Amino acid sequence: TDSGMQYEVRFGRRQDNILHATIVFGVINDEFDGEEYIVTNRGEVFRVMSTIVKIVKMFMVEHPKIVSYEFTGIPKEGEEEEKSSQRTALYKRYLPLIFETGFEFNFKGNSALVTRTSRF
């Protein structure tokens with residue numbers, strides 16, 4: 001980012017269901033002592049999320065048979081696990097930009113499960 005913050009986006013597959021992708025992203029700068037899911041709040045969240053939208057869309061083109069995607073928002077200190085975190089609020093705003101049609105969203109606590117509703 002413009003402030004020098006480095007992020008990464010990782011995609012994982014479930015061992016019991018290779019058509020289910022888990023997507024995680026976070027900061028990789030050394031200044032956070034390996035805490036990759038830290039919230040930086042440097043005013044770049046919209047630019048970062050726009051980039052994540054593009055990256056996930058690229059992944060979807062490369063892996064068109066994936067039927068479900070899982071996102072989990074790690075709550076920051078003081079937030080409860082069972083309640084929606086600030087990151088979950090971002091998911092609610094940005095997931096419809098990634099998954100435009102043919103998907104349904106299920107939000108529970110800090111997790112979002114996006115499932116394909118239409119077949120290939």
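Tyr-94 is found in helix 2, where helices (H or I, at least four residues) and strands (E, at least two) are DSSP runs numbered from the N terminus. The model is predicted, so that local features need pLDDT of at least 70 and side-chain atom pairs count only at pLDDT 80 or more, while totals for chains, interfaces and linings use all residues. Residues are numbered from 1 along each chain as its sequence is written, and side-chain values use heavy atoms, with hydrogens and water left out.

Apart from neighbours within four places in sequence, Tyr-94 is in contact with Phe-46, Met-49, Ser-50 and Val-53, contact being heavy atoms within 4.5 Å. Tyr-94 and Met-49 are 45 residues apart along the chain, and their C-alpha atoms are separated by 7.3 Å.

On the helix 1 side, the contact is made by Val-45, Phe-46, Met-49, Ser-50, Val-53, Val-56, Lys-57 and Met-60, and on the helix 2 side by Leu-90, Arg-93, Tyr-94, Leu-97 and Ile-98. These residues divide into 10 nonpolar, one polar and two charged (Ala, Val, Leu, Ile, Met, Phe, Trp, Tyr, Cys and Pro count as nonpolar, Asp, Glu, Lys and Arg as charged, and the others, Gly among them, as polar).

Thr-51 also lies in helix 1. With a relative accessible area of 39%, Thr-51 is partly exposed. Its C-alpha is 9.9 Å from that of Val-9, at a sequence separation of 42 residues.

The protein has two helices and five strands, which follow the pattern β-β-α-β-α-β-β along the sequence. Of its 120 residues, 32% count as buried. Among contacts between residues at least 6 apart in sequence, 56% join residues at least 24 apart.

Conventions: Buried means under 20% relative accessible area, exposed over 50%, partly exposed in between (1.4 Å probe, protein chains only).
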